[in-house]
Amino acid sequence: MATERTLSIIKPDAVKKNVIGQIFAMYEAAGLRIAATRKTFLTKAQAQAFYAVHAERPFYNSLVEFMTSGPVVVSVLEGADAIKKNREVMGATNPAQAAEGTIRKKFADSIEANAVHGSDAPETAAVEVAFFFPASEIY
């Protein structure tokens, strides 16, 4: 198993619910280490740039609006097969379809207000991590 890094975003809905610590505990219980983290408020320009891959999709504008509606917690998670582990811990995008015990099953309200974001592949993880963290801030 390769040691990887992946990006996690605890979205505004989960930050508002004050479940950051519970989500971090789920990451750690899955064997993921938090290598960098920060609470921030995304600007519209940042959200548009981060989600640019979805710019042509019908949900893009509402996603940008949601992601700028309150603070988020961005983190770099590290561990063996971190991308796969994080996606398993997050659960399906639609919380109604997410497995019991996953972050989205426990904390998400809808497909859009789904508590967390996680990178889906090594290539996107590298880009997403670099979007929020210079290498000097990852420990």
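**View A. Arg38 and Glu137 form a salt bridge, with the closest N and O atoms 3.2 Å apart.** A salt bridge here is a side-chain nitrogen of Lys or Arg within 4 Å of a carboxyl oxygen of Asp or Glu. The pair links distant parts of the chain, with Arg38 in strand S2 and Glu137 in the segment after H7, 99 residues apart. Helices (H or I, at least four residues) and strands (E, at least two) are DSSP runs, numbered from the N terminus. Arg38 is partly exposed at 29% relative accessibility, and Glu137 is partly exposed too, at 35%. For these labels, buried means under 20% relative accessible area, exposed over 50%, and partly exposed in between (1.4 Å probe, protein chains only). Keep in mind that this is a predicted model, where local features need pLDDT of at least 70 and side-chain atom pairs count only at pLDDT 80 or more, while totals for chains, interfaces and linings use all residues. Residues are numbered from 1 along each chain as its sequence is written, and side-chain values use heavy atoms, with hydrogens and water left out.

**View B. Arg33 meets Glu78 in a salt bridge, at 2.5 Å between the closest N and O atoms.** This pair also links distant parts of the chain: Arg33 sits in strand S2 and Glu78 in strand S3, 45 residues apart. Arg33 is partly exposed, with a relative accessible area of 37%, whereas Glu78 is buried at 15%. Look for Arg5 as well: salt bridges that share partners join Arg5, Arg33 and Glu78 into one network.

**View C. Asp109 and Lys17 bring their side chains together in a salt bridge (2.8 Å, N to O).** Asp109 is in the loop between helix H6 (103-107) and S4, and Lys17 in the loop between helix H1 (12-16) and helix H2 (20-29), so the pair ties together parts that are 92 residues apart in sequence. Asp109 is exposed, with a relative accessible area of 53%, while Lys17 counts as partly exposed at 34%. The structure holds four salt bridges.

**View D. The largest pocket holds about 630 Å³ of space.** A pocket is worked out on a 1 Å grid over the protein atoms alone: it is an open set of points where a 1.4 Å probe fits, with protein on both sides within 12 Å along at least five of seven lines, and lining residues have an atom within 4 Å of a point. The volume is the space filled by probe spheres set on the points, which are joined across faces, edges and corners. The lining has 23 residues, of which Tyr51, His54, Leu63, His117 and Gly118 lie nearest the centre. Helix H3 (44-50), helix H5 (82-90), strand S4 (116-118) and helix H7 (122-132) are the elements that give two or more residues to this lining. H7 gives the most, with four residues.

**View E. Leu63, one of the residues nearest the centre of the largest pocket, belongs to helix H4 (residues 60-67).** Leu63 is buried, with a relative accessible area of 8%. Leaving out residues up to four places away in sequence, Leu63 touches Tyr51, His54 and Glu112 (contact means heavy atoms within 4.5 Å).

View F. Ala125, Glu128, Val129 and Phe132 are buried. The buried residues of H7 pack against strand S1 (3-10), strand S2 (33-40), H3, strand S3 (72-80), H5 and S4.

**View G. In H2, the buried residues are Ile20, Ile23, Phe24, Met26 and Tyr27.** Their arc around the axis is only 155 degrees, which puts them on the same side of H2. Gly21 and Ala29 are exposed on the face turned away from that buried side. After H2 comes Gly31, with a positive phi near 90 degrees.

**View H. Asn18 is not a glycine, yet has a positive phi of about 65 degrees.** Asn18 is in the loop between H1 and H2 and is exposed, with a relative accessible area of 63%.

Terms used: Arc of directions from axis to C-beta.
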